[in-house]
Amino acid sequence: APPPPPDAPVQRGGPPPPTAPQADSGPAAGQPRVIDTNKAGSTPQRPLPGGGPADVGLVLAQQGPGGAITVQQVMPGGPAATSNQVRQGDALIDVDGHDVVGRAVPEVQNMLRGERNSPVTMIFRRGTDQVVVTLLRAVPMGPGGKPAPPPPRAAPPQTAPERPRPRRPGCSGGA
């Protein structure tokens, strides 16, 4: 075989030669951008004294059975409100690694409850982005440092009132 030209690179094993760095094109087309608020320089929560049941201070809503679960309200004084990381209208898609899409609101609310000061990691869909938020569960505080009232329960679906049936003449209605 003829020798290689004198200006040809010589490959002698090992890793391939370095290539020019590629420009960061961001997420692939159609893929959501992931915003991890735990790495975005946010101020970590401080554990509060005491224990007992607690949550993150979110009121959730669902559009029909199996529909998306969205944040209807961020309770003032709760961990979600003080973190400034969760917004009204965010769609909750994951709690502590469990997919919550299609689950009922009461089941998801129970997943958000836990021992005071225990962490819970949630993933929200906000537009085309996925936002990862980790909070410490706490008892939401209201004005004057007093515990806030519990979030309102979702109202049961409204059904039309039952109308009395007309009686037919000659029927006594008994057996």
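Predicted model: local features only at pLDDT ≥ 70, side-chain atom pairs only at ≥ 80, totals over all residues.
Figure 1. The chain has 175 residues, and 28% of them count as buried. Take the contacts between residues at least 6 apart in sequence: 56% of them join residues at least 24 apart.

**Figure 2. Close-up of Arg126 and the residues it touches.** Arg126 sits in strand β8, which covers residues 119-126. Leaving aside residues up to four places away in sequence, Arg126 touches Gln85, Val86, Arg87, Asp90 and Val131. Another, Asp90, is the subject of the next view.

**Figure 3. Close-up of the salt bridge between Asp90 and Arg126.** Side chains of opposite charge can pair when their charged atoms come close. In this view, the closest N and O atoms of Asp90 and Arg126 are 2.8 Å apart. The pair links distant parts of the chain, with Asp90 in the loop between α1 (79-83) and β5 (91-95), and Arg126 in strand β8, 36 residues apart. Is Asp90 buried or exposed? Its relative accessibility is 2%, so Asp90 counts as buried.

**Figure 4. Close-up of the salt bridge between Asp96 and Arg137.** Here the side chains meet with an N to O distance of 3.8 Å. Asp96 belongs to the loop between β5 and β6 (98-99), while Arg137 belongs to the segment after β9 (129-136), so this pair ties together parts that are 41 residues apart in sequence. Asp96 is partly exposed, at a relative accessible area of 38%, whereas Arg137 counts as buried, at 6% relative accessibility.

**Figure 5. Close-up of the salt bridge between Glu107 and Arg103.** The closest N and O atoms of Glu107 and Arg103 lie 3.0 Å apart. Glu107 has a relative accessible area of 38% and is therefore partly exposed. Arg103, at 26% relative accessibility, counts as partly exposed too. In total, the structure holds three salt bridges.

Note on methods. Residues numbered from 1 in each chain as written. Heavy atoms only, no water. Buried < 20%, exposed > 50% of the residue type's maximum accessible area, 1.4 Å probe, protein only. Contact = heavy atoms within 4.5 Å. Helix = DSSP H or I, 4+ residues; strand = E, 2+ residues; numbered from the N terminus. Salt bridge = Lys/Arg side-chain N within 4 Å of Asp/Glu carboxyl O.
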